[in-house]
Amino acid sequence: MDLLDTFRAETRAWLEANCPAEMRQPIARDADVCWGGRNVKFTGEAQRLWLERMGARGWTVPEWPREYGGGGLSKDEAKVLASEMRRIKARSPLASFGIWMLGPALLKYGNEEQKREHLPRIARGEIRWCQGYSEPGAGSDLASLRTSAEDMGDHYLVNGQKVWTSYADKADWIFCLVRTDSTAAKHLGISFLLFDMASPGVSTSPIKLISGASPFCQTFFDNVKVPKQNLMGAPGKGWDIAKYLLTHEREMIGDMDAGGQRDSVSQIARRTLGMDAAVLADTGLRTDIVRHEINAWAFALTMERVKDEAKAGQGVGALSSMLKYYGTELNKDRQQLLMSVAGSDGLAWEGPAEGEGDLARGWLRSRANSIEGGTSEINLNIIAKRVLSLPGA
Amino acid sequence: MALTLTDDQKMIRESADGFFRTEAPVSQHRKLRDTADATGFDRATWAKMAEMGFAGVLVPEAHGGAGFGHVAAGLIMEAIGRNLSAAPMLSTAILGTTALVTGGSAEQQARYLPLIAEGKRLFALAADEAARHAPAHVATTATPSGNGFKLNGTKGFVLDGHVADTLIVAARTSGDHDSRDGITLFLVDATSAGIAIERRAMVDSRNAARISFDDVQVDGADVLGAVGEGFGILEKVLDAGRACLAAEMLGVSSESFARTVDYLKQREQFGQKIGSFQALQHRAAHLFCEVELARSTMLRALVALDSCDDRSSQFASLAKAKCGEVAKLATNEAVQMHGGIGMTDDFDIGFFMKRARAAQETFGDIAFHGDRLARMMGY
């Protein structure tokens, strides 16, 4: 414990000295989240400095090895860092699909050259990645994807179309599932390709969602030339990488709620509805809220337990599916409750007031949580098959 | 404190699992019911539980107990839940011990705790009066008389009340019917003059009694804790009971879930295993998640009690509420997925649903604990 205490003291001192005051404010707008990349637009010098300082220390990716731009911290040290950041309400310096999704897969499946090329730039937030998975005809049945990569000797020629590509219009590089063998069984003809979105033949088109926002794009590949060294893993082994990466994506989506940074529904309800004789003024909603918070609390404890068990080498199988399924259903429940708490004020869409329409947009955005990254139903299928070993699942 | 088991706790879990599976399985529960056993549990099994250190799991070593703590007590209760083992574990080993450890004088502790650890004296908590759990609702009175008090009133739902040697009685020495102030706890010999005990057969075949007190004289030395300040002790006793009931309900949930998943893999209809139907797969997978969530709340509540966490009451309410809801879902689904056979008395699965219902009601369901949690969290 002594070493960890020393680490905590040093970390606390460093954060105090290096985390700008502006970066200790709650995230109020989408722009407050820094995604990095070639075309990054910082909200101000504080955001830029915070990313630069954390990136230089490898603390954007505390547990990655130092030689790849990470912090080289143990799980315990990373926990200390996270708790010290929470203590001063420090914002995360960098939001990144490179960190959450590609990085872990690169560490496991990438060759040395690929790791050295990509990981440090992800850690420092220099390159922003997007994920080329779903296609118009391949959603829940992802393995039926048809985007092709033809072997042209010294390069692959990529043709096809992806959909639901998050922030493809803002991304610098894409990690992409492509079919390299159209004669093999559907899971076996898939390969995992990395390429620059600036390559000739790549185009994107945003999709407007029910929330009015366009976080997703359609992405088109028209005779895109990709160098052969950009293939990650062996040809035809892309599905294994895809599944591995999806488990990280699911944990990330499921975990969105567990940071504890947001106000609870009851805190918001107390401000909005007020109190009457020591209880929330709306007793019907109060019952709904407390039942939600019981589940939210139980879920947060489960995330904690799963991490403790992973550390102790115990653990339950197919966890990412459980966390993704339950976490996203909870978040949808939360957003619906917040709409109820706000009443008719929550229906506002556009207006002169600051933040007008945010709540309704947040609610509508949350509906995608249980669809993206594997639907709730697909995740229940996975639990039925891998954990419960039910027949035919 | 981490939500994982230590090696010692894992050993206790294994020994408890093995013990109840062989010594007090569901078949023993069935036999006790079918023979309308007067005691309602097997005294020989209880004696063995004392030898194993289970009866004294919360009794400090200085008083001859095992002093294993609440996580261990919960693991024992979970094994009891899996096997539906009937034993005075909750009433005596959990509630009785906690009352004495929390509120007992040195003399009371020295007198009773070793007897609990040895399995030689049974306790019952005579607190609830209303049918819906409301611990502050105490109409039973204790009026000064001689060198002590006279008790008058009725307690409706006293677990193991018909076999207890000592009753822990909550009575009012001052204040209104629903006030937290003015409640006093008494240690009362169950054979005292003026006590009438009526055994009530419950839906889960466990023991409960309706007990009336008619001018029952108790000595001043038998007050547990301070006069008028019994509610604080009672809350601690109830919280330990709630966390341990949560553990028992988790055992009920996980066992009925396991039996159901097995059944889904065996039963055939339409020429295939019914477990191959997605309509059932998704419900089973959802239930798996719920049982995992329940387990986390239970562990947290027990760990909180062991570490004297100042949020122990919150975690006890959380665990009781969540594990109760999950036990209800798990046993309802178990009966439904077993179909017609699940409705038959010959088949065991119905026992789990009955036990889940009783355990859920005992010391507050989700409506009670949801309200309690919300108040503790300021809304």
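In this predicted model, the contact between the two chains draws 45 residues from chain B and 40 residues from chain A. The area buried between chain B and chain A comes to about 3600 Å², and carbon and sulfur atoms give 68% of that figure. On the side of chain B, the residues that lose the most area to chain A are F288(B), L293(B) and Y379(B), which together account for 21% of what that side buries. Between chain B and chain A the count is 2 salt bridges. A salt bridge also joins the side chains of R286(A) and D371(B), with a distance of 2.8 Å from N to O.

Part of the picture between the chains can be described through a pair of helices. Helix α8 (residues 283–311) of chain A and helix α9 (residues 312–338) of chain B have axes that come within 10 Å and cross at roughly 100°. An angle from 65 to 115 degrees counts as roughly perpendicular, and α8(A) and α9(B) are therefore roughly perpendicular to each other. The residues that make this contact are R291(A), I294(A), N295(A), W297(A), A298(A) and L301(A) from α8(A), together with Q314(B), F315(B), L318(B), A321(B), K322(B) and E325(B) from α9(B). Sorted by class, the contact of α8(A) with α9(B) has 7 nonpolar, 2 polar and 3 charged residues.

Within the chains, the domain assignment divides chain A into domain 1 (2–95), domain 2 (129–236) and domain 3 (256–387), while chain B is divided into domain 1 (7–121), domain 2 (124–228) and domain 3 (232–376).

| Domain pair | Distance between C-alpha centres | Buried area | Share from carbon and sulfur atoms | Salt bridges |
|---|---|---|---|---|
| Domain 2 and domain 3 of chain A | 32 Å | about 520 Å² | 69% | 0 salt bridges |
| Domain 1 and domain 3 of chain B | 21 Å | about 2200 Å² | 70% | 4 salt bridges |

In chain A, 6 residues of domain 2 are in contact with 7 residues of domain 3. Of the area that domain 2 of chain A buries against domain 3 of chain A, 72% is supplied by S140(A), I210(A) and S211(A), more than by any other three residues.

In chain B, 22 residues of domain 1 are in contact with 30 residues of domain 3. The residues of domain 1 of chain B that lose the most area to domain 3 of chain B are R30(B), H70(B) and E78(B), together 25% of what that side buries. The side chain of R30(B) also meets that of D348(B) in a salt bridge, at 2.8 Å from N to O.

E78(B) has a salt bridge partner as well, namely R82(B), with the closest N and O atoms 2.9 Å apart. Being 4 residues apart in helix α4 of chain B, R82(B) and E78(B) are separated by about one helical turn.

Helix α4 (residues 70–83) of chain B in turn packs with helix α5 (residues 89–103) of chain B at an angle of about 170°, their axes being 12 Å apart. An angle over 145 degrees counts as roughly antiparallel, and α4(B) and α5(B) are therefore roughly antiparallel to each other. Here A73(B), I76(B), M77(B) and I80(B) of α4(B) meet M89(B), L90(B) and I94(B) of α5(B). By class, this contact of α4(B) with α5(B) has 7 nonpolar, no polar and no charged residues.

Note on methods:
Residues numbered from 1 in each chain as written. Chains lettered and ligands numbered in written order. Predicted model: local features only at pLDDT ≥ 70, side-chain atom pairs only at ≥ 80, totals over all residues. Heavy atoms only, no water. Axes fitted to C-alpha atoms, helices over the stretch in contact; angles between N-to-C directions. Helix = DSSP H or I, 4+ residues; strand = E, 2+ residues; numbered from the N terminus. Parallel < 35°, antiparallel > 145°, perpendicular 65-115°, else oblique. Contact = heavy atoms within 4.5 Å. Nonpolar A, V, L, I, M, F, W, Y, C, P; charged D, E, K, R; others polar. Domains from an automatic or database assignment. Buried area = accessible area lost by both parts, 1.4 Å probe.
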